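Hi,

Here is the structure I promised to pass on to you. Have a look at it first, and then read on for what I found in it.

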Amino acid sequence: MDAVRTLRLALLAATTVTAALLTSPAAAAPLDQSAGLGFDLDSATIPDLQQRMDHGRLSSVQLTSAYLSRIRSVDPKIHSVIALNQRATSEAAASDLRRSGHHTLSPLDGIPVLLKDNVDTRSMPTTAGSRALTRTRPAADAHLVDQLRRGGAVILGKVNLSEWANFRSTHSTSGWSGVGGQTNNPYVLDRNPCGSSSGSGAAVAASLAQVAIGTETDGSIVCPSGINDIVGHKPTLGLVSRAGVVPISAEQDTAGPMTRHVIDSAITLSVIQGRDAADPATGAIPSTQPRDYARLLRPDALRGARIGIWRLSGADADVDRVVNDAVATLRARGATTVDVDLPFQDAVNQNEFPALMTEFRRDLNNYLAARPGGPDTLAELIEFNKNDPVELSKFGQEIFELSEAAPRPNDPVYLEQRRVATTSAKRSIDETMARFHLDAIMAPTNSPAWKTDYAAGDAFILGSSTPAAVAGYPNVQVPAGFAGPLPIGVSFFAGRWQDATVLAFAAAFERAQPARRVPQFIPTIG
């Protein structure tokens, strides 16, 4: 662990914002949410912050400095941030200059954003959590980073993740990487933050940034969002370009926003979405797709809606209670609820993982080939890990080895696995919504966080991410309740390109049942 800590500190030191910021007195104790700004950062939305900046009561430099101070004072408890952008305050100052001339670029202008460390950046390391990638840097920013910059966002830095987006070992522990060590859950520090966007979830929950970018293949946005009591939106596949994002599978991967408020996710999605010639999937974005999701968030969106309830009941009593409370809220706000069971789940579950193994080798090798300096292939990564003192210290690389030996992309067995997985997932949602005339489906996102345990690995009890993930459909997680100090969320998902619909339902639910609490960084519970 000493080697991990040394490397983590070296990465932070190499990309420090300015010596002045890091040697000034801490602006916030861990439980002080104001960060010296005179208002509560945890509850502030992007529109709140923009209004303050427009009226001269706040600057982007002040906001950025406050978040950097919180990173310095709070992050030692949760270990989420692994690199800082040395130009963050300069980017904030440029935003303030634009604002003074009434030339802001988007509602995200001047807003600090953290990036998951599998999103390419020229100016900071992009490692996917692996020590094998610490000596090279991408040649260009990811397309979504370009979009953020075009919108005026301030890139604060990079956050830890479950190494290789949790696709290395069958016995992995979420939130651990060879580069960043273990990220902790800010609600109870010895509990797991879920993965693979663990650093994104923990950092946003602890108010270390207004927005973080996560990525998901199956559950890696919504699970860490649910377990860390924040909002996470997994967009329709193809809505946000994957160019410059370290891949698992082009058939399921997507990036999306993770925030404390639904409106902030809606604003961020509006900025990062868009067509990109480097990602053919974005060419399918309809011309009718909204460009401003925040304008479509109506307080009465649930009135008259028909919401299917996929309860997944019986696995956890606290989850059952939270779902019952959520259903009562939906009904109180004028929605009709219909209990449903999604069909074809066995077919999805039996075929998804084998298909992903073939796609992982294909897509990762393509990514590595475009990133000079090595390793150049999955096979080389496997050998690197065998010879590294840290990489295999907590768990193995069984998925790497299985993927290297998996059928090739033109193999009929693989092609049938992918066809069955994707078709079954789409049918499970489309046919259920058609049969019951539904506008969306709600399900529990997560069970309470488990203790981080390298011997046992992750202890998932339930999750609802798979149908939307494998289908490539939108899914929004929103805080819904607690089991003691541990958060539980619910997810709203629907058909392809229905991102505006699920965001509107999530926002109306958030307004009707404001369940989010500020984390208290409790060391442990019984």
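**Strand S7 and its sheet**

Strand S7 is covered on both faces: Val231 and His233 on one side, and Gly232 and Lys234 on the other, are all buried. Buried here means under 20% relative accessible area, exposed means over 50%, and partly exposed is in between (1.4 Å probe, protein chains only). Helices (H or I, at least four residues) and strands (E, at least two) are DSSP runs, numbered from the N terminus.

Before the rest, two notes on the source. This is a predicted model, where local features need pLDDT of at least 70 and side-chain atom pairs count only at pLDDT 80 or more, while totals for chains, interfaces and linings use all residues. Residues are numbered from 1 along each chain as its sequence is written, and side-chain values use heavy atoms, with hydrogens and water left out.

Back to S7 (residues 231-234): two bridges join this strand to S8 (residues 254-259), and the two run antiparallel. Gly232 has Met258 as its bridge partner in S8. S7 also pairs with S12 in the antiparallel sense, over three bridges, and there His233 stands opposite Val476. Two strands count as paired if DSSP finds at least two bridges between them.

These strands belong to an open sheet of eleven strands with mixed pairing, in the order S1-S3-S2-S6-S8-S7-S12-S13-S11-S9-S10. Its edge strands are S1 (81-84) and S10, each of which pairs on one side only.

**Helix H11**

H11 (residues 317-332) has 16 residues and reaches 23 Å from its first C-alpha to its last, close to the 22 Å expected at 1.5 Å a residue. That expected span is 1.5 Å times one less than the number of residues. Which residues of H11 are buried? They are Val319, Val322, Val323, Ala326, Val327, Thr329 and Leu330. Seen down the axis of H11, they fall within an arc of 160°, so they line one face of the helix; the arc is that of the directions from the helix axis to the C-beta atoms. Ala317, Arg331 and Ala332 are exposed on the other side.

The buried residues of H11 pack against several elements, including strands S9 (306-309), S10 (336-339) and S11 (440-444), and helix H17 (499-512). Contact means heavy atoms within 4.5 Å. At the N-terminal end, Asp316 caps H11, with a side-chain oxygen 2.9 Å from the backbone nitrogen of Asp318. Gly334, whose phi is positive, near 95°, follows the helix.

In H13 (residues 378-387), the buried residues are Leu378, Leu381, Ile382 and Asn385. Seen down the axis of H13, they fall within an arc of 105°, so they line one face of the helix. Among the elements that cover them are helices H7 (163-166), H12 (345-369) and H14 (398-404).

Last, a look at Ser428, which lies in helix H15 (residues 412-435). Ser428 counts as buried because its relative accessibility is 0%. Leaving out residues up to four places away in sequence, Ser428 touches Leu342, Pro343, Phe344, Gln345 and Pro467.

Best wishes

How values were computed: Polar contact = N/O pair within 3.5 Å; in protein donor to acceptor, adjacent residues only side chain to side chain.
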